[in-house]
Amino acid sequence: MKKAKLFLYMVPALIAGCSQENPLSEEQYYKQVYLVGADETTNMGMSVVEIPYNDAEEQETFISVATGGSLNIDHDFSVTVDEAGFNSIADYNFKYLKDDDVQYQHLEEAFYRIPHNEITLKAGEVYARMPLYLKSSELHCDSLYALTFKISEVSDPDDLSIRQTDTVLIQSYIFVNEYSDTYQMEGYYYRWAEGQAVGDSTSVTATRSFKAVNANTVRLFHLAYTESQDNIGPYGLTLKVNDDNSLTIKSWDQLEITDGGGYWWPQTGIFNVWYNYEVDGTTFQFAGSFVQSDL
């Protein structure tokens, strides 16, 4: 009899439990809006964006806002994003860079444009974007430029609050072109006199990074010298790809290049390069190929 009574008491309890609403249909946390990338824990609050060099046209990038919570938003929100000034860049330089490192600087107003700073987050969506445009042609490849952003206002803050931690996004830029990439170099260098090689040649192989300088020029390091900031002056050189895919080769600074040429093969991603250079009054020639690693 005791078992029968227990069974009768348990049935109503099970029925009542099944009739309750699914708790996952309600918001489990609270809805927040934040700037994507403004996370100092994982990336020190900085988002790095590749910008193509272009001599004529502005280059588009964007800022993303996102919502957090267990459910998507159920109506539209308007989010205002303002610039956050230089202080966050100065803090980043102080925290993460050495005094002799190249320091980040705030990009001057002449080089960017923000058409509007109000973003609409649509019902049911998680992300929305604010476009901005950069003029890249006059920006130096070795400078570190950045802009900073923060959310200043939300149309319905009772339903969607602004995240109170990691509030500022630093967006920085690196510049690229069609030829900037990693290449595998194979070649030789030898003494050069009266239009011909003299003596034995020395083979050289290395992985070389081609850094965009402008829309059609890249910089690389001579032979297999270490790719470091200190070596840019003494061992840097540039390859300019001309309209017919021939190459113009020049010294970046101190390397004494007296002649050079070559060809860029876009179908295979290969540079064929030669150049003459002087060391303590002796002329040498390098000749070799650079094969694009991604192809």
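Me: How many bridges join strand β12 to strand β20, and in which direction do the two strands run?

Reply: A word on the source comes before the answer. This is a predicted model, in which local features need pLDDT of at least 70 and side-chain atom pairs count only at pLDDT 80 or more, while totals for chains, interfaces and linings use all residues. Residues are numbered from 1 along each chain as its sequence is written, and side-chain values use heavy atoms, with hydrogens and water left out. Strands are DSSP runs of E of at least two residues, numbered from the N terminus, and two strands pair if DSSP finds at least two bridges between them. Here β12 (residues 182–193) and β20 (residues 282–292) run antiparallel and are joined by nine bridges. Within this pair, Y188 stands opposite A287 in β20.

Me: In what order do the five strands of the open sheet lie?

Reply: The order is β13-β12-β20-β19-β18, with antiparallel pairing. At the edges are β13 (196–209) and β18 (256–265), each of which pairs on one side only. From one strand to the next the twist averages 15°; the axes behind such angles are lines fitted to C-alpha atoms, and angles run from 0 to 180 degrees between N-to-C directions.

Me: Is S172 buried or exposed?

Reply: Relative accessible area decides the matter: buried means under 20%, exposed over 50%, and partly exposed in between, with a 1.4 Å probe and protein chains only. S172 has a value of 2%, so it is buried. This serine lies in strand β11 (residues 168–176). I170, also placed in β11, counts as buried because its relative accessibility is 5%.

Me: Which residues does I170 touch, leaving out those up to four places away in sequence?

Reply: Contact means heavy atoms within 4.5 Å. By that rule I170 touches G45, M46, S47, S88, I89, Y92, A146, L147 and T148. For S172, with neighbours within four places left aside, the contacts are M46, S47, V48, V49, Y104, Y145 and A146.

Me: Which residues touch the most other members of the largest nonpolar core?

Reply: In soluble globular proteins, nonpolar side chains tend to be buried together. A nonpolar core is a set of buried Ala, Val, Leu, Ile, Met, Phe, Trp, Tyr and Cys residues joined through side-chain atoms within 4.5 Å. In the largest one, of 34 residues, these are L35, V65, V81, L121 and Y173. Strand β9 (residues 144–154) supplies the largest share of this core, five residues. Apart from it lies another core of 24 residues, including L255, V273, Y277 and F286.

Methods
Helices (H or I, at least four residues) and strands (E, at least two) are DSSP runs, numbered from the N terminus.
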